[in-house]
Structures are given as C-alpha cells and as structure tokens.
Amino acid sequence: MIVPVHYAGVACEMDAIIALANKHNLLVIEDAAHGILSSYKEKPLGSIGHLAALSFHETKNLTAGEGALC
C-alpha cells in the first residue's frame, strides 16, 4: 500500500506513484484532507488512487468538528 499525502493544496507526483504501485501490485490510498478543491493534471485530488481519505478535523481546510470520509 502507498499512502501519498497531498498537503497545502499541493499534489503529490501521482503519475510516478501510480506507476510504482502498478509495478509492485500495490494499492494507492490518497490522503486528500489538505487537497480539497485542488487537482493534479485536471483530476481532483482524492480521485486518482484506488481509495481516498478526507479528514474534517478542526485543523483541516474543511471542518465539521470531528469526522472523516473514505
């Protein structure tokens, strides 16, 4: 499993990460909590890997008290 963390609206190099995951038959789970409304090559962050996780903790860009979305 590879867990890239997009931070401050800046995307990880997803092409390289996906290629590495495919080469080794690994899943990619994006942590996109700080990447809401950002994109990588016109794809929304959190929509590129196999799964994505979004946190809505008070320290994140979008808050709802305590909570998350997978």
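Student: What makes M1, V3, V5, Y7 and L27 a nonpolar patch on the surface?

Tutor: Together they have about 540 Å² of accessible area. Nonpolar side chains (Val, Leu, Ile, Met, Phe, Trp, Tyr) are joined within 5 Å, like charges within 9 Å. Areas come from the Shrake-Rupley method with a 1.4 Å probe, and for residues only the protein chains shown count as cover.

This is a predicted model, where local features need pLDDT of at least 70, side-chain atom pairs count only at pLDDT 80 or more, and totals for chains, interfaces and linings use all residues. Residues are numbered from 1 along each chain as its sequence is written, and side-chain values use heavy atoms, without hydrogens and water.

Student: Why is L27 called partly exposed?

Tutor: Its relative accessibility is 46%. Buried means under 20%, exposed over 50%, partly exposed in between. So L27 counts as partly exposed.

Student: Where is L27 found?

Tutor: In the loop between helix 1 (14-23) and strand 1 (29-31). Helices (H or I, at least four residues) and strands (E, at least two) are DSSP runs, numbered from the N terminus.

Student: Which residues of helix 1 are buried?

Tutor: M14, I17 and A21. They cover an arc of only 60° around the axis, so they lie on the same side of helix 1. The arc is that of the directions from the helix axis to the C-beta atoms. The face turned away from the buried side carries the exposed residues A16, N22 and K23.

Technical notes
Patch = residues over 30% accessible without salt bridge, like charges linked within 9 Å, V, L, I, M, F, W, Y side chains within 5 Å. Salt bridge = Lys/Arg side-chain N within 4 Å of Asp/Glu carboxyl O. Buried < 20%, exposed > 50% of the residue type's maximum accessible area, 1.4 Å probe, protein only.
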